[in-house]
Amino acid sequence: MNVKIDGKKVKTQLDFHKALAEALDFGPHYRPNLAALWDRLSADVERPVEIVWRNSEESRAAMGSDSFEELRAVLIRAQEQDLSFGWNERLSVRFM
């Protein structure tokens, strides 16, 4: 599965959570915070999945570097976890 997040539409962390939750069908009980995002990405998301955050620099500018880096760190951590497990079908992320 390929998930595309458009940074032109993602101005806040909440915007990102909403876009990803919709694309990956996190359901109505998802709470948009970094811990919940990690829980979903590390265990609940069916693999393989590639998350492509297009225009990510526009998101960084709108939400601020600290907020952007918090989200980026969770995405990268989930990707690295799958790599460390040696899974062929894994989560991957790209920032464009």
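The legends below describe close-up views of a predicted model.

**View 1. Phe68 and its surroundings.** Phe68 belongs to helix H4, which spans residues 65-85. Its relative accessibility is 1%, so Phe68 counts as buried. Beyond neighbours within four places in sequence, Phe68 is in contact with Trp53, Ser56, Ser59, Arg60, Met63 and Phe95. Asp39 is 29 residues from Phe68 along the chain, and 18 Å separates their C-alpha atoms.

View 2. Phe16, Trp53, Phe68 and Phe95 make up one aromatic cluster. Arg72 places its charged end over the ring of Phe95, 5.1 Å from the ring centre.

**View 3. Strands S1 and S2.** S1 covers residues 2-6, and S2 covers residues 49-54. The two strands run parallel and are joined by five bridges. Ile5 has Trp53 as its bridge partner in S2. Side chains alternate along S1: Val3 and Ile5 point to one face and are buried.

**View 4. The Phe85 and Trp87 pair.** The structure holds six aromatic pairs. One of them joins Phe85 and Trp87 in a tilted arrangement, 4.9 Å centre to centre with 50 degrees between the planes. Phe85 has a relative accessibility of 46%, so this residue counts as partly exposed. Trp87 is also partly exposed, with a relative accessible area of 35%.

**View 5. Arg77 over Trp38.** The charged end of Arg77 sits over the Trp38 ring. The distance to the ring centre is 3.7 Å.

Notes
Residues are numbered from 1 along each chain as its sequence is written. This is a predicted model: local features need pLDDT of at least 70, side-chain atom pairs count only at pLDDT 80 or more; totals for chains, interfaces and linings use all residues. Side-chain values use heavy atoms; hydrogens and water are left out. Helices (H or I, at least four residues) and strands (E, at least two) are DSSP runs, numbered from the N terminus. Buried means under 20% relative accessible area, exposed over 50%, partly exposed in between (1.4 Å probe, protein chains only). Contact means heavy atoms within 4.5 Å. Two strands pair if DSSP finds at least two bridges between them. Rings of Phe, Tyr and Trp (its six-membered ring) pair if their centres lie within 6.5 Å; planes under 30 degrees apart count as stacked, over 60 as edge-to-face and the rest as tilted. A charge sits over a ring if NZ of Lys or CZ of Arg is within 6 Å of the ring centre and within 35 degrees of the ring normal.
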